[in-house]
Amino acid sequence: MSRNNFNFNTTYASLGDSFFELVNPTPVKTPQLLLFNQAFAKELGLQMDQWDGNNGSFPQELAPLLSGNQLFEGSAPMAQAYAGHQFGYFNMLGDGRAILLGEHIAPNQKRFDIQLKGSGPTPYSRRGDGRATLRAMLREYLISEAMYGLGIPTSRSLAVVTTGEKVYREEIQDGAILTRVMQSHIRVGSFEYVNHYLTKDELVAYTNYTLARHYPTQVESANPALALLKQVLIQQVHLIVHWMRVGFIHGVMNTDNMSISGETFDYGPCAFMNGYDPAKVFSSIDTNGRYAFANQPGIAHWNLSCLANALLPIIDEDQTKAIELAKDVLNLFPNLYTEAYTTMMGAKIGFNQNQLSEEVIELIKSLLNWMKENQADYTNTFLHIQSVLIPEGIYTSSFFAEWLLKRETLLNKEGSSKEQAIAIMQLQNPLVIPRNHWVEKVLDSVSYTNDLTQFNSFLTALQSPYLQTTNIEIYQAPPENGDGFYATFCGT
Ligand code: AMP
Ligand code: MG
């Protein structure tokens, strides 16, 4: 691998030009590297000229490359075609403001898409400008890296470059480009596109390609399409259980935003919940609460049924049989999810069994009911159970004291010590999450004073959320007035 470059080997190009449009990023006025993920760059094996990374500066020679003003050697940029169900309705979409620079092979032989987001219009932009705001890209950088710190499969953020150009939204904002890195950007909606607009042969080719790329042990399956559906289902169960563990609300679980690899991505309107409310929604456009916190598993299941539908023509020649086979796989979801979810919730209160007793399941239910009634903080309640925080407010109530006693009795009954329970909980319960008021506060300090100090301190805390490091207390307090009218916006 030469210096200042990725080790590109872009297999997506071999699928043929019905799957993408070759298009270059549109140059920007004055690209400046504002954020650079040094640790991740190292993992990717990216070697930079004239930069030792020691004095806190960034390798500015990458700014023209990570803005798309210049092309990395070996890059043949493309916008990928995809469709998707947005809030339940089918649409043709595609990369309208993102461009894939190429697939990079890291030193550990893992393959990653290197994508610029906010890199200018493409044939799929429709009426959009192809651009992104600095605030939204900083937010994505922060939250995706927080998710990574939490141990949740996610797209990563390598860099944010400011463009020196303005972006026109409800108000005029600074523009930026994010370098997004992911195992691939193949979506449920990618399959919907192929099924809807391309040939059956292309659907077969795409299915084989995706299996080889993400689930290579399954390529020899007797029924590749069915094998793919099952693998994606398993990964989605795993992913959603993680989201439920930390109180993450994705906010726009359209089928084009659900990855086949099972990574969280598209961080537009997402947010973490403070007070527990299963019906919690932050996204300003989700007026019916379709993507509310507790709806996420059901929506993931619905999205998988869209994937199944797209794969039907190649699951079996006989449509009735294809539907039956697909249903058999889809019907695995409820049990797999419930099992994984209860195991996770059990671990959040210190129980380490795959098969929780009815009493422990009741214990979890009574806790969640009480949390809902009291709008108890989703993160801190478990830290109180873990004896990490000093009891105050509702955590000094008789209900909570009695609940803790019941829990202790059940732990004793299972022969589990307090120490063992705490060790289990420490792996599940983050000490810090990107609380909305802090996210806004650090984004404000970058936007209004151009100062990254607060942003970087917060980012550092979020990168090791299970470690009791110094100065994390400030990030642990929920907002004084709850989430109030906090709202997030898409497509910014
Ligand atoms: P999202 O809401 O980010 O999942 O985007 C949905 C669709 O809108 C995708 O096809 C995006 O590429 C496209 N899109 C979002 N924002 C823009 C923009 N500013 N310019 C062009 N296309 C956009
Ligand atoms: Mg999207």
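The dialogue below reads the domain contact, the salt bridges and the ligand site of a predicted model.

Visitor: Which conventions should I keep in mind?

Guide: This is a predicted model, in which local features need pLDDT of at least 70 and side-chain atom pairs count only at pLDDT 80 or more, while totals for chains, interfaces and linings use all residues. Residues are numbered from 1 along each chain as its sequence is written, chains are lettered from A and ligands numbered from 1 in the order in which they are written, and side-chain values use heavy atoms, with hydrogens and water left out.

Visitor: Which domains does the protein chain have?

Guide: Domain bounds come from an automatic or database domain assignment. Here the assignment gives domain 1 (12-182), domain 2 (186-431 + 476-492) and domain 3 (436-475).

Visitor: How many residues does the contact take from domain 1 and from domain 3?

Guide: Contact means heavy atoms within 4.5 Å. Domain 1 gives eleven residues and domain 3 gives 16 residues. Buried area is the accessible area (1.4 Å probe) that two parts lose on being put together, summed over both; for domain 1 and domain 3 this comes to about 1300 Å², 69% of it on carbon and sulfur atoms.

Visitor: How many salt bridges are there between domain 1 and domain 3?

Guide: Side chains of opposite charge can pair when their charged atoms come close. A salt bridge is counted when a side-chain nitrogen of Lys or Arg lies within 4 Å of a carboxyl oxygen of Asp or Glu. Two salt bridges are counted between domain 1 and domain 3, and the structure holds 16. Arg135 forms a salt bridge with Glu440, with the closest N and O atoms 2.7 Å apart, and Arg135 also meets Asp444 in a salt bridge at 2.9 Å, N to O. Arg135 lies in helix H3 and Asp444 in helix H14 (residues 436-449), so this pair ties together parts that are 309 residues apart in sequence; helices are DSSP runs (H or I, at least four residues), numbered from the N terminus.

Visitor: Which residues are closest to ligand 1?

Guide: A residue is near a molecule if one of its heavy atoms lies within 4 Å of it. Ligand 1 is surrounded by 17 residues, the closest being Gly94, Gly96, Asp129, Gly130 and Asp266. A polar backbone atom of Gly130 is 2.8 Å from a nitrogen atom of ligand 1, and a side-chain N or O atom of Asn257 is 3.1 Å from an oxygen atom of ligand 1.

Definitions and conventions:
Polar contact = N/O pair within 3.5 Å; in protein donor to acceptor, adjacent residues only side chain to side chain. Helix = DSSP H or I, 4+ residues; strand = E, 2+ residues; numbered from the N terminus.
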